[in-house]
Amino acid sequence: PSDVVTDAVGNQNAAGNILTSTADATPPEFSLADVVAASDVGQFTAIFTATPGAVASTAPTAGSVTPANATIDAIDRNGADLSVTFIPANSSDAVSLSINAGLLDEPSGNQSVAQGPFDLGVFDVTGPDIVLASAITELGPAGGTVTATFSEDVTGFEIADLDITNGQASDLTGGPRAFSFTVVPDATGPMTLLLPAGSATDPSRNPNVVSNTLV
């Protein structure tokens, strides 16, 4: 204001100019942008984008992100943005991630605060079961029909995947969950049949578990 101070000869000051400034007390934040399948089966990556203008502060470590129903496989920075690769613990419960404070800075000096939990949803990390069955317990030379029933839709199942002793399998039909094929014995005696683990995959790329052994 005017008349606050005087100079050496007693003149009082005139009013000063008005200086304005914008106060920024809002900390920078992460926003969940997307969740994508990672390169390895059973892994997923959550992508977090930072507030525009924020810069990376401390380097993220394994303890920078706290998961629920998952384990952290990797944490990477792309500028100020963050990507977290995680492995869900099961296919029944939702996965969530919480981010620790101090991973972002602003030119004004504000640092990011703790955020979360971010709910990422439920992920399928369980391979399909399979049951081999046949209504015929004793096969003649013409053979008989066997059904292969998966617990969910699969791709990649081929007749050559079957592990069969004392017999041959052919004429695979059906899908994507229920299949049938013909088996013909090679000789008199027991014939065994199973489908090894990893012969087919579900839509989430999970491989099947080993089937029962059909005799």
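**Contacts, core, hairpin and pocket**

Student: Which residues is Ile75 in contact with, leaving aside its neighbours within four places in sequence?

Tutor: Ile75 is in contact with Pro60, Thr61, Ala62, Val65, Leu82, Ser83 and Val84, where contact means heavy atoms within 4.5 Å. This is a predicted model, in which local features need pLDDT of at least 70 and side-chain atom pairs count only at pLDDT 80 or more, while totals for chains, interfaces and linings use all residues. Residues are numbered from 1 along each chain as its sequence is written, and side-chain values use heavy atoms, with hydrogens and water left out.

Student: Why is Ile75 called buried?

Tutor: Buried means under 20% relative accessible area, exposed over 50% and partly exposed in between, with a 1.4 Å probe and protein chains only. Ile75 has a relative accessible area of 17%, so it is buried.

Student: Why does Asn206 count as buried?

Tutor: The relative accessibility of Asn206 is 2%, and therefore Asn206 counts as buried too. Asn206 is found in the segment after β15 (192-194). Not counting residues up to four places away in sequence, Asn206 touches Val41, Asp124, Val125, Thr126, Gly127, Pro128, Ala200 and Thr201.

Student: How do you know that β5 and β6 pair?

Tutor: Strands are DSSP runs of E with at least two residues, helices are runs of H or I with at least four, and both are numbered from the N terminus. Two strands pair if DSSP finds at least two bridges between them. Antiparallel β5 and β6 are joined by 8 bridges, so they meet that definition. They form a hairpin with 2 residues between them, and Gly79 in the turn has a positive phi of about 70°.

Student: What makes a set of residues a nonpolar core?

Tutor: The set must consist of buried Ala, Val, Leu, Ile, Met, Phe, Trp, Tyr and Cys residues joined through side-chain atoms within 4.5 Å. The largest such core has 21 residues, and Phe30, Phe48, Leu82, Phe86, Leu97, Ile99 and Leu120 touch the most other members. With 4 residues, β2 gives the most to this core. A second, separate core has 16 residues, including Leu162, Phe179, Leu193 and Leu195.

Student: How is the lining of the largest pocket divided?

Tutor: It has 12 nonpolar, 5 polar and 1 charged residues. Ala, Val, Leu, Ile, Met, Phe, Trp, Tyr, Cys and Pro count as nonpolar, Asp, Glu, Lys and Arg as charged, and the others, Gly among them, as polar.
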